[in-house]
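The sequence and structure come first.

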Amino acid sequence: MLRHEFQPGRLVAGVLLTLAGIAYVGDAGDAWDTPWFAVIPMVVGGLCLAGAVGLLTRLIRGRRGSRRAGTPPEVEEPAEQSSPR
């Protein structure tokens with residue numbers, strides 16, 4: 001049993017932000033030289049991609065959920081009318 005539902009948008013954001021962090025850690029450890037402008041497109045592009053994936057996921061799950069719900073929508077019961085005393 002899953003503890004929570006899988007959210008691909010958050011996975012994409014996490015992976016790309018982790019890659020940006022690794023790029024800066026490599027630069028700080030003198031493993032390679034990372035220009036300051038190289039990570040900005042990675043972060044901004046990753047957040048935009050994560051937003052698009054999250055929106056697409058919501059659209060797919062919303063469509064699938066309404067089609068799969070074989071029961072008719074719940075009908076609200078009329079509110080009880082209180083009789084004046």
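Glu5 is partly exposed, because its relative accessible area is 49%, a value that falls between the 20% limit for buried and the 50% limit for exposed residues. The model in which this holds is a predicted one. The side chain of Glu5 meets that of Arg61 in a salt bridge, with 2.6 Å from N to O. Since Glu5 lies in the segment before α1 and Arg61 in helix α2, the pair ties together parts that are 56 residues apart in sequence. Arg61 is likewise partly exposed, as its relative accessible area is 33%. The count of salt bridges comes to 1.

Helices α1 and α2, the latter spanning residues 36-68, each supply at least two residues of the lining. Which helix gives the most to the lining of the largest pocket? It is α2, with 4 residues.

The surface also carries a nonpolar patch of about 590 Å², made by Phe6, Leu11, Val15, Leu19, Ile22 and Trp32. One of these residues, Leu19, is placed in helix α1, which covers residues 8-28. Leu19 counts as partly exposed because its relative accessibility is 43%. That value is over the 30% that a residue needs in order to belong to a patch.

Between α1 and α2 there is a loop, and Asp30 has its place there. Phi of Asp30 is near 60 degrees, a positive value in a residue that is not glycine. With a relative accessibility of 71%, Asp30 counts as exposed.

Trp36 belongs to helix α2. Its relative accessibility is 62%, so Trp36 counts as exposed. How many aromatic pairs are there? The count comes to 1 aromatic pair. Trp36 and Phe37 form this pair, with 5.7 Å from centre to centre and 90 degrees between the planes, in an edge-to-face arrangement. The label follows from the angle, because planes over 60 degrees apart count as edge-to-face. Both members of the pair, Trp36 and Phe37, are exposed.

Pro41 is another residue of helix α2. Pro41 counts as exposed, because its relative accessibility of 53% is over the 50% limit.

| Residue pair | Separation in sequence | C-alpha to C-alpha distance |
|---|---|---|
| Trp36 and Tyr24 | 12 residues | 9.0 Å |
| Pro41 and Ala20 | 21 residues | 9.7 Å |

Key: Residues are numbered from 1 along each chain as its sequence is written. This is a predicted model: local features need pLDDT of at least 70, side-chain atom pairs count only at pLDDT 80 or more; totals for chains, interfaces and linings use all residues. Side-chain values use heavy atoms; hydrogens and water are left out. Rings of Phe, Tyr and Trp (its six-membered ring) pair if their centres lie within 6.5 Å; planes under 30 degrees apart count as stacked, over 60 as edge-to-face and the rest as tilted. Buried means under 20% relative accessible area, exposed over 50%, partly exposed in between (1.4 Å probe, protein chains only). Patches are made of residues with over 30% relative accessible area and no salt bridge: like charges are joined within 9 Å, nonpolar side chains (Val, Leu, Ile, Met, Phe, Trp, Tyr) within 5 Å. Accessible areas come from the Shrake-Rupley method with a 1.4 Å probe; for residues, only the protein chains shown count as cover. A salt bridge is a side-chain nitrogen of Lys or Arg within 4 Å of a carboxyl oxygen of Asp or Glu.
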